[in-house]
Amino acid sequence: MEPDDPRQQTLQMDRDTCVWDTAEHLEKMYWDDEMALEDIAEKAEVSITTVHRRMKNRKVPTRGPGPWTTHSTFRTNTGGNEEASGSHESVDIHRLVMIAEYGTKAVCNRDVHHSTKIPFDNRPNNLELLSHSEHTTLHNRLKTLPEDQATLFKFASNGENKPNYLQPLNK
């Protein structure tokens, strides 16, 4: 629609004058009337994300995740690490592997390093615990090596021309 379209202007006026998104109305619908975010969104003719964002901005407390959001999902994050995500938090799989191997206290406040430099290789013998400064120093040294991350992925996928630091750990 064109910005000059009267229908668009009316819609904008309706949204501006709508009182559904005040903290008091959101709290009443959500807590007193026990409406779900989708119900509020449908009533206000906006998306669930809009309702959630407005509640957050107006500091309206939420009931927390429902029973349908208690399962985990797995994905690969932008750094190439695999992670498990719950309702509000996510944790890298390599950290979970190290917790299973050594316990929470050993992993707390430590970085987990992938010896092969391949972020999705989460075998316990490929992982090591380092202090943050040790890990940073190690990665700064690795940046001076001629192979970059894309090359490492190529080595991992086809096994050709592996540099000596990518040889299997059990040799």
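Helices (H or I, at least four residues) and strands (E, at least two) are DSSP runs, numbered from the N terminus. Tyr-30 sits in one of these runs, helix H2. The model is predicted: local features need pLDDT of at least 70, side-chain atom pairs count only at pLDDT 80 or more, and totals for chains, interfaces and linings use all residues. Residues are numbered from 1 along each chain as its sequence is written, and side-chain values use heavy atoms, with hydrogens and water left out.

Start with the overall plan. The protein has eight helices and five strands. From the N terminus on, the order of elements is α-α-α-α-β-β-β-α-α-β-β-α-α. How much of the protein is buried? Of its 171 residues, 29% count as buried. Buried means under 20% relative accessible area, exposed means over 50%, and partly exposed lies in between (1.4 Å probe, protein chains only).

Now go to helix H2. Helix H2 covers residues 23-32. Tyr-30 belongs to this helix. Is Tyr-30 buried or exposed? Its relative accessibility is 5%, so Tyr-30 counts as buried. Trp-31 has a relative accessible area of 33%, which means that it is partly exposed. These two residues bring us to aromatic pairs. Rings of Phe, Tyr and Trp (its six-membered ring) pair if their centres lie within 6.5 Å. Planes under 30 degrees apart count as stacked, over 60 as edge-to-face, and the rest as tilted. By this rule the count comes to one aromatic pair. Tyr-30 and Trp-31 form that pair, and it is edge-to-face. The centres are 5.5 Å apart, with 85° between the planes. Why give two values? A pair of aromatic rings is described by the distance of the centres and the angle of the planes. The C-alpha atoms of Tyr-30 and Ile-40 are separated by 7.8 Å, with the two residues 10 apart along the chain.

Next, look at charge on the surface. Lys and Arg count as positive and Asp and Glu as negative; His and the chain ends are not counted. Glu-24, Glu-27, Asp-32 and Glu-34 gather in a patch of negative charge. Such a patch takes residues with over 30% relative accessible area and no salt bridge, and like charges are joined within 9 Å. The place of a charge is taken as NZ of Lys, CZ of Arg, CG of Asp or CD of Glu. Glu-27 is found in helix H2. At a relative accessible area of 37%, Glu-27 is partly exposed. Glu-34 lies in the loop between H2 and helix H3 (37-44). Its relative accessible area is 63%, so Glu-34 is exposed.

Glu-34 has another feature. Its phi is positive, about 50°, although Glu-34 is not a glycine. Most residues other than glycine have a negative phi. Where is Glu-45? Glu-45 is in the loop between H3 and helix H4 (48-57). Phi of Glu-45 is near 60°, again a positive value in a residue other than glycine. At 62% relative accessibility, Glu-45 counts as exposed.

Opposite charges come next. A salt bridge is a side-chain nitrogen of Lys or Arg within 4 Å of a carboxyl oxygen of Asp or Glu. How many salt bridges does the structure hold? It holds three. One joins the side chains of Lys-28 and Asp-33, at 3.2 Å from N to O. Lys-28 is partly exposed at 42% relative accessibility. Asp-33 is partly exposed at 40%. Another joins Arg-75 and Glu-83, at 2.7 Å from N to O. Arg-75 is partly exposed, with a relative accessible area of 46%. Glu-83 is buried, at 7%. In a further salt bridge, Asp-121 meets Arg-123 at 2.8 Å, N to O. Asp-121 counts as buried at 14% relative accessibility, whereas Arg-123 counts as partly exposed at 38%.

Finish at helix H7. This helix covers residues 132-142, and Leu-142 is found in it. Leu-142 is buried, with a relative accessible area of 19%.

Conventions: Patches are made of residues with over 30% relative accessible area and no salt bridge: like charges are joined within 9 Å, nonpolar side chains (Val, Leu, Ile, Met, Phe, Trp, Tyr) within 5 Å. Accessible areas come from the Shrake-Rupley method with a 1.4 Å probe; for residues, only the protein chains shown count as cover.
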